[in-house]
Amino acid sequence: YIVDNYSRLDQPAISVIRNALDGEVLLEIDKTDISPALDIGWQTPVSFKVKASDDKTDIYGAFWLPSNLDRRKSYPVIDNSYTGPHTTVYPKSFSQVVHGSEKQSLAELGFIVMVVDGRGSAMRSKEFHDHSYGRLGFSLQDHIAAIEQLSEMYSWIDKSRVGIYGHSAGGYDAAHALLQYPDFYKVAVSSSADHDHRMEKAWWPEMYMGWPVDSQYHQQSNITMAGNLKGKLLITHGGIDENVNPSATFKLAEALIKADKDFDMLILPGMRHGYNGVHREYFTKRKWNYFVENLRGAEPLWDFEF
């Protein structure tokens, strides 16, 4: 006999005893009860399968909806990105959905919040993974393809109002989105980002960008591309981040100033690579309000408690 604990994005965890020979379920041990959450309007995210930008490869993602979704209206979409090639972002278990509840919180402010594993992500074929090698600056092509297809599938997704946020490698994605694709992405919140892979700790970019440091590093640097900015950009960093050095954020700010670009910046004193306590709450307020004001065009709120 074996004990099998399983779940998925839209299926709470179940524990059963199976026959080890044929997999037959002999006994259900336990099943997660999520009725209290459902009773107050919470819903599981929606999974999807679309084509990558090559129009051939299947890619997978999920999106979170506001609980008061009105299908007659049109909603901005926010891409929560982390294209570090060593991992994936699609929630493969119910616990990942629960622990990723900030996406639902953001959706409740009037957005469709999306994650997708484009080519270059881990856990697929060697060919799929190799797509990102030396090309970290092009990982968002499949995200754009996904959003365009989702807007065709769902009339209430507005592809003319697209935002993006991310942390660390995801922060690089967020700023890069506005710089590489300034006519598609309109608003970005980029936190603790490695804006230039030449300024990162050596082992991470060299593993995925290659050695020696060549023109690819220069061409895919957010700092190099600062003059392309059109949308609204908020860059943040922890003041004593020893993982991703804050110097890259300062360098990006300097490049944006020299390019005469309008942007916003927030430094969180005493914070390392992750934000915690009141600093995390302060940053979260700033992030939510940034999208509410600049992507929805609504009046943000400040005086509220978590």
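The radius of gyration used here is taken over C-alpha atoms, and the globule rule is 2.2 Å times the number of residues to the power 0.38. With 306 residues, the protein would have a radius near 19 Å as a compact globule; its value is 20 Å, which agrees. This is a predicted model: local features need pLDDT of at least 70, side-chain atom pairs count only at pLDDT 80 or more, and totals for chains, interfaces and linings use all residues. Residues are numbered from 1 along each chain as its sequence is written, and side-chain values use heavy atoms, with hydrogens and water left out.

The C-alpha trace spans about 65 × 50 × 40 Å along its principal axes. Of the 306 residues, 49% count as buried (under 20% relative accessible area; exposed is over 50%, partly exposed in between; 1.4 Å probe, protein chains only).

The structure holds 16 salt bridges, each a side-chain nitrogen of Lys or Arg within 4 Å of a carboxyl oxygen of Asp or Glu.

K126 and D130 both lie in helix α4 (residues 126–130), four residues apart, about one turn of the helix. Helices are DSSP runs (H or I, at least four residues), numbered from the N terminus. K126 is exposed at 62% relative accessibility; D130 is partly exposed at 37%. D158 is buried at 16%, while R161 is partly exposed at 23%. E200 is buried at 12%. K201 is partly exposed at 23%. Elsewhere, salt bridges with shared partners join D54, R119 and D142 into one network.

Key: Helices (H or I, at least four residues) and strands (E, at least two) are DSSP runs, numbered from the N terminus.
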